Amino acid sequence: MNNLKPVDAQAPEEMRALAVRLRRLLGKQGFGGVREVSGACGLNRTTVSYALGGSRAPTWNTVSTLLKCCRIAPDADWRRQQEAAKRAEREWRRRTRARTRDELAAPSPTPPHVASYSPSAPSAPYSPSPPSAPSAPSVPSVPSAPETAGHPGQSAVPGTFTVRAPYGELPPRVRGRDGLLAELREELTGDRDRIQVLHGLGGCGKTTVALGLARLAKDLGHQVFWLSAATQDSLLTGMRQVARDLGVPEARIEDAWSGRSSAMDLVWRALDGATRPWLLVFDNVDEPDRTTSLHGSPGDGTGWIRPGAAGLTLVTTRIGNPAVWGGEATCRPVGVLSPEDGAEVLIDFAGNAGPMADARDLARRLGGMPLALKLAGSYLARAGRGAGLLRRRGAEGGYVRDFAGYARELDRLGTGLLDRGEGAGGPDGDQRRYRRLISGTWEISLDLLAEQGLPEARLLMRLISCFAHAPLPAFLLDLDVLEQSGLFQGPARAESCETALEGLVDLGLLTVEEAARESLPCLTAHPLVLEANALRVQESSGAERERLWHAAASVAVFAARLDSRSLEMWKVWKLVLPHLEAGIRAVPREETESLAAFLWAGRQAHLYAVASNSRDADELFTRLLLERVDELPEGHPVGEFIRRKLAEGVEPAHEAYLSAREKLGEESFGTLSAWAGWASELRHAGRPHEAERELHTLLDVAQRLEMNGTLVIRAEYVQVLAEAGKAEAARAEAHALLSALEAEHVDENDVAVRHHVAHALEEAGLLAEAEQAHRDQLSLLEQAGEQNSVLYLDTASLLCGNLVQQERPAEALEVVGGLLERYDSVPDTRGAVGRGVVKLYQQRGELLYAEGHFEAAAADLGRALEGLLSYLPPHHFAVIDLRLKLVPAHLKRGEHGAALRELDALDSALAHDEVELDGFGHIALLWRARATHEAGSCAAARALYEELLSAGDETIVRLARTGIESCGAASAAGPGGSGPPRDN
């Protein structure tokens, strides 16, 4: 390896021997220099350079990595040599510190001229230079101020600046950081040869973790220095105070701070020579360039931030890019807290302000953000002392005194409520107070990027806040779309967006992640960050707000151009839906054209929901679009389009058809579509003959116009014929539909059309053809990875029913059983997938019962009942119907008590005011009589049967009489007599 500098001749023999041995090994493997080794082994270049240069003993992890890169097993011999090098390094550093202390104690020379100063130059004794030497560039001097007073040439004002850690800001307990603090303690008491960088989003608790470590260091007897890097002045003043606290003579400090020598090297020689271990904290290093030497970089080890041999250097920052901090730094992310830890923080600050469950709910609502948790808890604590009691008449909202009330007010007022927890005090420009406000802490990050010439960062955050708190597919932020929308004005340019995005990621405001299974890059942000930016949009000037919403609407329209029929696009649609929903909800009414664009995009989302059978999304977008469409001006084309497409009920659909015919013409596509919608409403209203007439006429017109895309209409026509009792006509039309399906060459991915066709074949009685259609549909969905979709579950359920109709129950059980094997438990029944799984359990339970597998049937029906009750009331028809199916399953197993408990629950449900009995009461009473008879109480069963003799249903009366006869026979026969009657 000829490209390396010589091994450090000043280093101890053990360190040099390890470096030479590593060089030889890597040279035999063909490596030519540090760059090659770094790339091949995945190590930082600085780490490799130190390991091979002998100036620092490498860690065992570094040595092991280098050995593995050379295909050499790390063994005990190598470990012994690495440990010997480490011991030699520690002794060498100790002797160096002692020598440095002696040098610092010596008188300071005062030459008339000094050598040209370079802060990045290595530490060395100061020597005079010839009189002709040029003047040195000066380190920026600290301005005279009360906190820095006391130096020669300054007014005698008492100094108020301190480098003591602000322990008073430390909460009673640092929650949720035990693991991180344990790791930092190990670094504090170990070799301390690496800088520790705590990075994360503003407000995530980095300073609190640093304070927790500072208190621990203080308790261990370490000297703690706390410096704020929020401004250049505070950093320079702080380092000057560190030098004083370490005993550096005032003359030497004055030389360094006047630019005649390196202030950075002076302080670090004192730190490395300290006899007492120390912790040096650089808080809020959000502009790392403030810490660099002349021509240096933040992580090169020549500036204010360096690793120390006698203590630990800790940095808190919003910047998490490891490249910024160099190879001597270990970057540790500080994230949000769990709901449990967040609840504890709320209680620490607020005291007893409600149940733990409410505290957890509020912690979830705040996204576990420590700053928000502290502000919320502090507000509730202030409320307990009388804050918020005095109000003006007519003021909205109630007096907030507990966690639940705070959550309600937060939903009403937004993030502005959080800032009230800070209380009054401090000037408006106080940087520390600004950082403690939700409204300010993240604006600081955006200000930093704007100062770096990236005003686009703020625009991107404002734009993203117009959408949902969910992963946003990055491709939606199409630069051409954004540019054409007029988003960028003044110095902002589309070309700088990529750099701005990187800056937002570095500062933790955004995170890039791939959506699960879709491998689609998405952008995410903490919910409170988005809420705070959305509030800024809301409070912005009219022109700025209009520009942002116009850009958001352009993004929504761009997203809505995805093909809703293509299976390949469904995975993207699932990511897009929440953003279109959020945008439709949030766009201001006065932004008319932006609202119209969002509504148009919402209609395309609705088409996807219909095509994919996503009933929840269908209902949501239908309701949302109809709610907001009335806010458009009368006669707006988008408004009329939405009303026409979403008309529900026979009369509204008829009016939409007449309006389309008048405005668009009798034979336009829009008119024919509205006509089909009206016919569909007639069918669903139980008027099949009228629906048949309209669809027949509509198809004649479509045929005359040679229109394509009528398969869905023809499929509905088949179903209408079947419902009207015209079986032969339905079968004939169904055969014609199959022929048309092949003739029109429907895209095989257009599963919505195929789904309608399969339904029609089923209704027409073409069971074999319908079965094949269902199987083809399932195959297409599997190929697209949509096995967990609502449409897949629905199609599987239809196939199961089809096989039962064909008297093939074993195959039906195989279909539904194979599907349910994918689910260890019922998914969340608040979603359509969970409800679909519940339906499958019920379907399998009924099949198992019919096949005589009563134990398995009872288990499946019980699981289905539990699922139904999680989202339906006990008196709902579906719950009552399922209980009536579960009772005989229990009886078949001899579980009379379980059957009677179900019947008790049925009686309670049937007593509800909203239940229309429709014979349910008589059926339940019949089953109670049978259960009572089987339990051995013939007299009680006979009395129940006799009650049913007055029922108006002939079947019920017949079964009751049979039951009475059975009870009589059992009584006559004595023990072991005949049982109750059985239904067929």
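Contact means heavy atoms within 4.5 Å, and helices (H or I, at least four residues) are DSSP runs numbered from the N terminus. The model is predicted, so local features need pLDDT of at least 70 and side-chain atom pairs count only at pLDDT 80 or more, while totals for chains, interfaces and linings use all residues. Residues are numbered from 1 along each chain as its sequence is written, and side-chain values use heavy atoms, with hydrogens and water left out.

In helix 31, Leu711, Arg714, Ala715, Tyr717, Val718, Leu721 and Ala722 meet Ala729, Ala730, Glu733, Ala734, Ala736, Leu737, Ala740 and Leu741 of helix 32. By class, this contact of helix 31 with helix 32 has 13 nonpolar (Ala, Val, Leu, Ile, Met, Phe, Trp, Tyr, Cys and Pro), no polar (the others, Gly among them) and 2 charged residues (Asp, Glu, Lys and Arg).

Helix 19 (residues 456-464) is largely enclosed by the rest of the structure, because 8 of its 9 residues are buried, where buried means under 20% relative accessible area with a 1.4 Å probe and protein chains only. The buried residues of helix 19 include Glu456, Arg462 and Met461.

The structure holds 0 disulfides, a disulfide being a pair of cysteine sulfur atoms within 2.5 Å. The sulfur of cysteine 70 has its closest cysteine sulfur in cysteine 69, at 5.7 Å, which is too far for a bond.

| Cysteine | Relative accessible area |
|---|---|
| Cysteine 70 | 3% |
| Cysteine 466 | 4% |

Methods: Buried < 20%, exposed > 50% of the residue type's maximum accessible area, 1.4 Å probe, protein only. Helix = DSSP H or I, 4+ residues; strand = E, 2+ residues; numbered from the N terminus.
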